[in-house]
Amino acid sequence: AAYVSDAVALPDCSTTSCESTCTCAESKCTDELNKCLADPTCSSLQGCVDQCKCGDKSCLVSCAMKSPSALGVAALKCVESQCQLGYEGSVIDEIDAAEGGLMRIVV
């Protein structure tokens with residue numbers, strides 16, 4: 001497997017609306033985030049996600065639905081499993097229900 005270079009820098013967590021989640025994601029899901037940021041569709045979600053306050057699941061759902069991406073789903077799955085996000089359930093499950101199974105097709 002080829003190593004993804006750090007050509008795209010991870011965001012500065014101090015500029016995001018939820019610094020604690022950002023910091024956790026960058027330390028525990030580095031590979032997934034780098035793959036997402038290297039992809040134009042997935043990286044376009046970063047600005048939206050950075051505006052979501054800690055624990056604001058509906059904000060994350062609306063960001064993810066704007067531009068569904070398999071790389072974004074992989075990053076989100078990692079963050080949801082590794083970090084305390086302050087909400088119950090999974091963003092991916094909510095999107096899947098709203099889209100009638102679309103996420104299963106994307107992934």
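Biologist: How do you know that the span of helix α6 agrees with its 13 residues?

Modeller: First, a caution. This is a predicted model: local features need pLDDT of at least 70, side-chain atom pairs count only at pLDDT 80 or more, and totals for chains, interfaces and linings use all residues. Residues are numbered from 1 along each chain as its sequence is written, and side-chain values use heavy atoms, leaving out hydrogens and water. Now α6, residues 70–82. The expected span is 1.5 Å times one less than the number of residues. That gives 18 Å, and the end C-alpha atoms are 18 Å apart, so the two agree.

Biologist: What makes a run a helix, and how many helices are there in the protein chain?

Modeller: Helices are DSSP runs of H or I with at least four residues; strands are runs of E with at least two; both are numbered from the N terminus. The protein chain has eight helices and zero strands.

Biologist: What caps the N-terminal end of α6?

Modeller: Serine 69 does. A side-chain oxygen of serine 69 lies 3.2 Å from the backbone nitrogen of leucine 71.

Biologist: Why is lysine 57 called buried?

Modeller: Buried means under 20% relative accessible area, exposed over 50%, and partly exposed in between (1.4 Å probe, protein chains only). Lysine 57 has 15%, so lysine 57 is buried. Glutamate 94 has 37%, so glutamate 94 counts as partly exposed. Across the protein chain, buried residues make up 42% of the 107 residues.

Biologist: What makes lysine 57 and glutamate 94 a salt bridge?

Modeller: The rule asks for a side-chain nitrogen of Lys or Arg within 4 Å of a carboxyl oxygen of Asp or Glu. Here the closest N and O atoms are 2.9 Å apart, and the pair forms a salt bridge. This pair links distant parts of the chain: lysine 57 is in helix α5 and glutamate 94 in helix α7, 37 residues apart. By this rule the count comes to one salt bridge.

Biologist: How do you know that glutamate 80 has no salt bridge?

Modeller: Glutamate 80 sits in helix α6 and is buried. The nearest side chain of opposite charge is lysine 57, 6.7 Å away. Lys and Arg count as positive, Asp and Glu as negative; His and the chain ends are not counted.

Biologist: Which residues are in contact with glutamate 80, leaving aside neighbours within four places in sequence?

Modeller: Contact means heavy atoms within 4.5 Å. With those neighbours set aside, glutamate 80 is in contact with Leu85, Tyr87, Gly89, Ser90, Val91 and Ile92.

Technical notes:
A polar contact is a pair of N or O atoms within 3.5 Å; within protein, one must be able to donate a hydrogen and the other to accept it, and residues adjacent in sequence count only if both atoms are side-chain atoms.
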